[in-house]
Amino acid sequence: EYGCYRIVLKNREGNGIGNSSSFWGILDSKKGKIAVAEPGEKLFRYESFVEVVFELLPPTAPVLTAESIEKTVLLSWNAVEGAASYNVYQGEEVVAENIEETSYAIENLEVGNYCYTVVAANEAGESDASNVACVTIAPPVAPTLTAELSETTVVLTWEAVEKATSY
């Protein structure tokens with residue numbers, strides 16, 4: 001599977017003899033051994049009967065942006081190498097999970113402030129949370145009211161506010 005892995009070397013007893021951050025190595029297929037060296041060393045030591053284990057690591061955290069359009073929040077983030085899907089959080093609450101795209105819309109929100117994070121996920125688990133992205137859903141703009149007095153009648157007029165449902 002595509003992703004970031006940690007390589008662990010184990011001897012025949014199953015004891016770890018190193019991992020990808022503590023050695024570098026060359027596999028000698030003719031001798032059935034692997035030559036390993038600590039970082040900075042020039043000489044190798046040969047380890048025989050070595051099992052090489054690849055452990056899938058969780059992906060890195062995405063970078064999140066958010067914008068509001070009327071009563072909708074549009075979230076978008078960068079694609080993360082090794083991520084199988086993404087989960088959207090509002091605080092500790094999961095808003096959406098197993099999203100395969102790099103964007104998500106949350107609709108029909110009430111007036112208020114909203115903050116979100118996103119995590120990338122794969123078989124090994126979730127990444128750290130992204131940055132927190134916050135948006136404000138603002139109330140509609142009030143129309144400008146004009147009043148005209150005509151003898152015993154007052155006539156009120158205003159320009160329509162886009163998508164207003166009542167006045």
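Colleague: Before we start, what counts as a helix or a strand here?
Modeller: Both are DSSP runs, numbered from the N terminus. A helix needs at least four residues of H or I, and a strand needs at least two of E. Keep in mind that this is a predicted model.

Colleague: OK. How many helices and strands does the protein have?
Modeller: The protein has zero helices and 16 strands.

Colleague: And how much of the protein is buried?
Modeller: Of the 167 residues, 28% are buried. The accessible surface is about 11,500 Å². Carbon and sulfur atoms account for 51% of that surface.

Colleague: What about contacts between residues that are at least 24 apart in sequence?
Modeller: Take the contacts between residues at least 6 apart in sequence. Of those, 49% join residues at least 24 apart.

Colleague: Let's go inside. Which residues touch the most others in the largest nonpolar core?
Modeller: That core has 18 residues. L64, V73, L75, W77, V88, L109 and Y116 touch the most other members.

Colleague: Which elements give two or more residues to this core?
Modeller: They are β8 (72–77), β9 (85–90), β10 (93–99), β12 and β14. Strand β12 gives the most, with four residues.

Colleague: Are W77 and Y86 buried or exposed?
Modeller: W77 is buried, because its relative accessible area is 6% and the cut-off is under 20%. Y86 is buried as well, at 4%.

Colleague: New topic. How many disulfides?
Modeller: The count is one. It joins C115 to C134, with 2.0 Å from S to S. The link is right-handed, with 110° about the S-S bond.

Colleague: What does the pair tie together?
Modeller: C115 lies in strand β12 (residues 112–122), and C134 lies in strand β14 (residues 133–137). So the pair ties together parts that are 19 residues apart in sequence.

Colleague: And how accessible are C115 and C134?
Modeller: C115 is partly exposed, at 33% relative accessible area. C134 is partly exposed too, at 46%.

Colleague: Now N87. Where is it?
Modeller: N87 is in strand β9. N87 is buried, with a relative accessible area of 7%.

Colleague: Which side chain makes a polar contact with N87?
Modeller: The side chain of E126 does, at 2.7 Å. Not counting residues up to four places away in sequence, N87 touches A96, E97, N98, T117, V118, V119, A121 and E126.

Colleague: Last one. Which residues have a positive phi without being glycine?
Modeller: E70 is one of them, with phi of about 55°. E70 sits in the loop between β7 (64–69) and β8, and is partly exposed at 47%. N108 also has a positive phi, near 55°. N108 lies in the loop between β11 (103–106) and β12. N108 is exposed, because its relative accessible area is 66% and the cut-off is over 50%.

Key
Residues numbered from 1 in each chain as written. Predicted model: local features only at pLDDT ≥ 70, side-chain atom pairs only at ≥ 80, totals over all residues. Heavy atoms only, no water. Disulfide = S-S within 2.5 Å. Buried < 20%, exposed > 50% of the residue type's maximum accessible area, 1.4 Å probe, protein only. Core = buried A, V, L, I, M, F, W, Y, C linked by side-chain atoms within 4.5 Å. Contact = heavy atoms within 4.5 Å. Areas by Shrake-Rupley, 256 points an atom, 1.4 Å probe, with all protein chains shown as cover. Polar contact = N/O pair within 3.5 Å; in protein donor to acceptor, adjacent residues only side chain to side chain.
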